[in-house]
Amino acid sequence: MIDPSVIPDLSDLIAIINSNNADTDIGFINKAYNFAREAHKSQLRLSGEPYIIHPLEVAKTLAGLNLDTTTLAAALLHDVIEDSKITIEAIKKEFNEETANLVDGVTKISSLKKRTKYDEVHNLRKMLLATINDVRVILIKLADKLHNLRTIKYQPYEKQQTISKEVLDIYAPLAHRLGMSQLASEIEDISFNILYPEEYKEIAAKVVQKVPEMEIYINHIKEILHAKFNELNITAQVTGRAKHYYSIFQKMRLQEKPIDDIFDIRAIRIIVNEIKECYGILGIIHSLWSPITSRFKDYIAVPKTNMYQSLHTTVIGPYGHPLEFQIRTKEMHTTAEIGIAAHWLYKENPNIQAKEYKNLMLLKNIRRRLSEKDNPQDFLTELKMDLYADEIFTFTPKGKIIKLAKGATAVDFAYAIHTEVGHHCIGAKVNNHIVPLKTELQSGDIIEIRTGNKEHPSESWLKFVKSSNARYKIRNWIRKSEQETGATISKIQQQKDNKTAEVTIPNSELFKIKDISRQKKQNLTINGTSNVLLKLAQCCQPIPGDEVIGFITRGRGLTVHKKTCQSLKKLEIEEERFINIVWEGSVDTYPVKIEINALDRQNLLKDIADEIASAKTNILKMEADATEDDNVRFKIIVEVKSTSHLNQLIHLLKNIKNVTHVHKLNEKVIIK
Ligand code: MN
């Protein structure tokens with residue numbers, strides 16, 4: 001039995017509620033607390049403490065974010081279904097339907113997770129958003145994760161690693177999407193420390209070492225600014241902005257920058273009372289130091305989808321240091337820290353906040369949306385869909401989620417289901433209505449594709465399909481049917497085999513690269529003169545034949561990226577740091593990892609191996625695993641000479657009976 005004297009009471013929680021949200025129904029909270037305490041009475045946490053401490057801490061976090069009575073009650077009750085014999089029906093009867101729905105939602109996340117295979121974990125995040133219809137469920141889950149991480153030291157080491165990985169894969173990105181940067185930072189740093197202890201230590205030590213130097217610099221900037229602000233009679237709060245460890249680590253990894261370069265960027269945040277002052281201060285900063293115009297962002301006029309608002313500008317500061325400013329009002333700052341939870345903050349305190357914040361665009365948007373809808377729940381549903389602005393989630397009639405790019409059409413959907421469905425589609429029904437094939441799909445649509453045996457792809461589809469997958473398959477089909485009717489073999493293929501691919505950007509010299517091998521960095525001569533340390537980017541893994549571009553990394557030479565590399569687009573770096581490069585004819589081979597999906601049959605593996613051999617390719621490593629419904633997936637590392645060689649191989653593999661999908665994986669290739 002647990003000693004009742006150590007069972008915590010509600011006083012801490014009530015204190016937080018009172019200082020944040022006076023409208024809360026304390027009686028209801030008290031009832032939920034007593035119910036949960038009874039349900040968990042014989043349970044202990046791994047720390048040896050009474051279990052009730054956990055739901056209580058979760059509720060405290062949410063109370064600190066101003067969440068409403070129902071959410072706090074559901075937070076207290078969030079583990080009772082999983083851990084005791086209590087049913088959702090009982091909660092509904094004892095409390096109300098809304099509370100029961102939240103508890104049910106949180107419980108479902110756990111069961112959804114158990115059903116999800118490890119490989120699909122990255123989809124889980126999106127699935128959560130597509131299936132959970134109340135964002136407060138996710139807020140409770142995030143607060144739950146936060147407390148579990150704060151007490152993670154009581155878990156066995158392996159479990160700590162699993163939890164941390166899941167947090168970095170699912171929950172932290174979710175928190176970022178919801179704009180909850182404070183919570184996201186805390187859960188990221190705890191998980192980062194567990195998964196990458198060495199890197200964590202390195203960064204922590206560097207922060208300690210750099211802090212005094214940074215402080216002197218930032219104080220210098222503050223003095224200049226305050227003098228100017230006093231002159232103009234402006235009140236503003238100026239702070240140096242500490243980046244959290246994990247974001248430093250991510251920057252190092254993504255931009256391939258050494259740690260010193262990350263600290264080179266000094267960041268200052270200015271918080272003011274009114275929007276117009278944001279723009280005033282921007283003007284002052286630009287009169288003091290020269291702005292790097294390409295880095296200016298007005299997130300006040302155009303807020304991010306997670307509601308974030310601020311002005312961002314980077315200038316050349318004293319001693320030539322790039323200096324980054326974020327300028328925002330107080331409530332924009334709150335939104336930047338707690339994100340979506342700000343919705344409850346503003347909604348629940350109309351009297352105190354309204355006057356001061358009434359000009360805020362965010363508030364206007366929320367109010368407009370709330371007033372336009374009969375059901376305030378619609379606001380959350382709408383918001384949920386906004387979170388993935390560049391992607392849509394559609395459904396098959398059987399309820400399977402098909403993720404597509406925004407703007408995708410019924411044809412894209414058909415190809416996402418299966419190549420053959422795409423090739424033979426003749427019509428589509430969206431939400432039970434017959435629509436043209438080029439109809440643009442929306443999140444939540446249920447799509448039924450009709451196929452016909454004699455139908456085949458039309459060149460006109462290329463005008464409206466959105467996904468590269470569909471485009472590629474349509475082109476491929478057309479090319480193949482041309483070959484079959486006696487047309488000549490594509491000239492493009494021959495050109496690729498005989499010539500080097502050229503990167504053409506005006507005003508810049510072309511450098512030639514030859515003889516780079518993935519396994520080793522080496523010095524080589526570029527343009528006859530300079531010695532450059534060359535490295536192939538891990539993110540996009542270019543191989544000879546790919547259109548490439550060189551990126552000068554500080555102190556680390558030249559990194560070769562594909563021109564289409566997504567991480568380059570994210571970097572927003574100065575153009576001077578890019579160098580045009582071309583491949584020279586090379587006889588080397590390069591290890592590439594490809595994935596093959598197929599419906600299992602006899603001799604499938606043998607046929608795959610035969611095709612690989614016929615493409616004069618070696619297999620370096622092969623893994624196979626069975627997925628659901630007799631599907632098999634092979635991951636194979638092969639040696640290829642060039643992109644055209646790889647494409648040729650993929651083409652051969654795709655023509656094997658029962659093979660449904662073949663593509664190159666941009667994963668690190670490790671051969672052992
Ligand atoms: Mn829990």
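In the predicted model, Glu595 stands opposite His663 of strand S21. The two strands concerned, S18 (residues 590–599) and S21, run antiparallel and are joined by six bridges. Both belong to an open sheet of four strands, ordered S19-S20-S18-S21, in which the pairing is antiparallel. From one strand to the next, the twist averages 20 degrees.

Helix H27 (residues 643–654) lies across S18, S20 and S21, and runs at about 160 degrees to S21.

A further open sheet consists of three strands in the order S10-S9-S11, again with antiparallel pairing. Its edge strands are strand S10 (433–435) and strand S11 (447–451), each of which pairs on one side only. The twist in this sheet averages 35 degrees from one strand to the next. Strand S9 (residues 425–430) is joined to S10 by three bridges, and these two strands run antiparallel. Ala428 has Val435 in S10 as its bridge partner. Helix H21 (residues 410–417) lies across S9 and S11, with a direction at about 80 degrees to S11.

The manganese ion has four protein donors listed by residue and atom: His54 (NE2), His78 (NE2), Asp79 (OD) and Asp144 (OD), at 2.1 to 2.3 Å from the ion. Along the chain, the donors follow the spacing H-x23-H-D-x64-D. Asp79 is located in the loop between helix H4 (69–76) and helix H5 (80–83), whereas Asp144 is part of helix H9 (residues 135–150), so the pair ties together parts that are 65 residues apart in sequence. Asp79 and Asp144 are both buried.

In soluble globular proteins, nonpolar side chains tend to be buried together. The largest nonpolar core of the model comprises 60 residues, and the residues with the most contacts inside this core are Leu13, Leu62 and Met180. Helix H9 supplies the largest share of the core, with nine residues. Leaving aside residues up to four places away in sequence, Leu62 touches Leu67, Thr71, Leu72, Ala75, Leu139, Ile140 and Ala143. Another core, of 24 residues, lies apart from the largest one; among its members are Val272, Ile281, Phe325 and Met332.

Asn476 is found in helix H23 (residues 468–484). With a relative accessible area of 14%, Asn476 is counted as buried, because the cut-off for burial is under 20%. The side chain of Asn476 makes a polar contact with the side chain of Arg479, at 3.1 Å.

Conventions:
Residues are numbered from 1 along each chain as its sequence is written. This is a predicted model: local features need pLDDT of at least 70, side-chain atom pairs count only at pLDDT 80 or more; totals for chains, interfaces and linings use all residues. Side-chain values use heavy atoms; hydrogens and water are left out. Buried means under 20% relative accessible area, exposed over 50%, partly exposed in between (1.4 Å probe, protein chains only). A polar contact is a pair of N or O atoms within 3.5 Å; within protein, one must be able to donate a hydrogen and the other to accept it, and residues adjacent in sequence count only if both atoms are side-chain atoms. Donors are N, O and S atoms within 2.8 Å of the metal (3.2 Å for Na, K and Ca); water is not among the atoms, so sites may look incomplete. A nonpolar core is a set of buried Ala, Val, Leu, Ile, Met, Phe, Trp, Tyr and Cys residues joined through side-chain atoms within 4.5 Å. Contact means heavy atoms within 4.5 Å. Two strands pair if DSSP finds at least two bridges between them. Axes are lines fitted to C-alpha atoms, for helices over the stretch in contact, and angles run from 0 to 180 degrees between N-to-C directions.
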